[in-house]
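Trainee: I would like to learn how to read contacts and helix packing in a model like this one. Where do we start?

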Amino acid sequence: MTTRVDLIRRILKALDATEGFPLPEETLIDAVTIRFAPSPPRADVAEAIKRAEAQGYISGTEVELQGVVWGLTAKGQSKVRTL
Amino acid sequence: MKRQASKLDGHEAELTRWFREERLTLAQAVTRLAERGVAVSPSRLSAWWARYQQDELQTEAEAKLFADLATGSRIAREVGAMAADAPTQAGTLIKLLERLILQVSVRGETPQQVKVLPALVRSAIQGLKVQLAERQVAVDEGKLELLKARAAKAEEAEKVVGDPSTSPEEKQAKIRAIFGMA
């Protein structure tokens, strides 16, 4: 089972890998689930995203045709460097 | 990947070598560990090894994912940058392309075609711009012809108005005829 801490770490690192290019929420959830076995439930990832947002690591913006897109905040960028 | 601390931590390299290169059994590995002062049961070692391999797979999968995301976002950014300079009709298409590129890269299926997308989009936009420019030229030429025709009619009407041999009624009829009025 992937813990929430692991999910948040993976979310932050995935967003860091895009070097500032925002990821639509569905794509971010895919990134954290699809290639991993056991694959964490999408609902858990969605919850981890909300948690990371509440912790100030990521922020979401509503974009036409894409829904909510996510990117790292300055705090999130600092956090990634410690992971 | 956080795991519970184990007395086997620190022996990863040895155990990997024993199991993968020397093909040791669990019992043999337990004996060797005991010789090094590490007492562990075969079942505990087996569980630790399974977890270790799982972590290894996850780490590899993450490394590959982050590399693919970096590639995908670079391509998406390159394609997206073209939206600023693209005709309005292409803007939406580019936004959708950006999204698809990211989805494909997340799935680890970035085909060669995705890598050449920036060049294809650039070429398509260039083609679209040329088409739009040609269409604009055709519209402008049409307008010019219309203006020329109007100027010719105005000139003809002016002659009719200035002709002293024509009665006002005839002038009116001729002018109506020139401008196609019933």
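Mentor: Start with the term contact: two residues are in contact if their C-beta atoms, placed from the backbone, lie within 7 Å. Keep in mind that this is a predicted model.

Trainee: Which residues of H3(B) meet residues in H6(B)?

Mentor: On the H3(B) side they are Ile75(B), Glu78(B) and Val79(B). Their partners in H6(B) are Leu117(B), Pro118(B) and Val121(B). By class, this contact has 5 nonpolar, no polar and 1 charged residues.

Trainee: How is the packing of two helices described?

Mentor: By the angle between their axes and the distance between the axes. Here, helix H3 (residues 42–81) of chain B and helix H6 (residues 117–161) of chain B have axes that come within 9 Å and cross at roughly 10 degrees. Angles under 35 degrees count as roughly parallel, so H3(B) is roughly parallel to H6(B).

Trainee: How many residues does each chain bring to the contact between chain A and chain B?

Mentor: The size of an interface is often given as the accessible area lost when the parts come together. Here we have residue counts: 19 residues from chain A and 21 residues from chain B. On chain A, helix H1 (4–17), strand S1 (23–24) and helix H2 (25–33) each supply at least two residues. H1(A) gives the largest share, 6 residues. The side of chain A that touches chain B divides into 10 nonpolar, 3 polar and 6 charged residues.

Trainee: Is Lys50(A) buried or exposed?

Mentor: Lys50(A) counts as exposed because it has 12 C-beta neighbours inside 10 Å. Lys50(A) sits in helix H3 (residues 42–54) of chain A.

Technical notes: Residues numbered from 1 in each chain as written. Chains lettered and ligands numbered in written order. Predicted model: local features only at pLDDT ≥ 70, side-chain atom pairs only at ≥ 80, totals over all residues. Helix = DSSP H or I, 4+ residues; strand = E, 2+ residues; numbered from the N terminus. Buried ≥ 20, exposed ≤ 12 C-beta atoms within 10 Å, placed from the backbone. Nonpolar A, V, L, I, M, F, W, Y, C, P; charged D, E, K, R; others polar. Axes fitted to C-alpha atoms, helices over the stretch in contact; angles between N-to-C directions. Parallel < 35°, antiparallel > 145°, perpendicular 65-115°, else oblique.
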